[in-house]
Amino acid sequence: MSWPGEAWQEGLPARALQGVRELEQRLEWANKERVQKQAQLDTLEAALHKQRQKVLGWCLHAHLMPPPMGCALLGLSPRPCTLTPHPL
C-alpha cells in the first residue's frame, strides 16, 4: 500500500522507512486474510442455512415438530405437534 504523495516519508532515516514498508506489508497481508476469512464465513453460513432448511423439511415431511433443542437451532419456538401422524 502506498500513501498518496509519499512526500511525508522524505527525510526519514532508512530504519524508519523500512519500518513503514514492513507495516504496509503487514496491513496488506491482514487485508487479504480478512477477505479470505469473510469468504469462509459466508460459505459456512450458507451451509448452515442449507442444513437448517433440510432439518426443517424433514420435520415437516414427517409431520413432526423438531425437538426443543432443534427448535432453538432453527430459530423456532418449541410447541407440541398438532398434526396427526401419517398412517403407515
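How many residues apart do Glu33 and Lys37 lie in helix α1? They are four residues apart, about one turn of the helix. The two form a salt bridge, with their closest N and O atoms 3.9 Å apart. A salt bridge here is a side-chain nitrogen of Lys or Arg within 4 Å of a carboxyl oxygen of Asp or Glu.

This is a predicted model, where local features need pLDDT of at least 70, side-chain atom pairs count only at pLDDT 80 or more, and totals for chains, interfaces and linings use all residues. Residues are numbered from 1 along each chain as its sequence is written, and side-chain values use heavy atoms, leaving out hydrogens and water.

The whole structure holds two salt bridges. In the other pair, Lys32 meets Glu28 at 3.6 Å, N to O. Both sit in helix α1 (residues 14–61), and because they are four residues apart, about one helical turn separates them. Lys32 is exposed, at 54% relative accessible area. Glu28 is partly exposed at 38%. So are Glu33, at 25%, and Lys37, at 45%. Buried means under 20% relative accessible area, exposed over 50%, and partly exposed in between (1.4 Å probe, protein chains only).

Now the chain as a whole. It has two helices and zero strands, taken as DSSP runs (H or I, at least four residues; E, at least two) numbered from the N terminus. Buried residues make up 9% of its 88 residues.

An unreviewed UniProt entry annotates residues 20–54 as "coiled-coil region"; such annotations may be inferred rather than shown by experiment. That span is 100% helix, and its end C-alpha atoms lie 51 Å apart.
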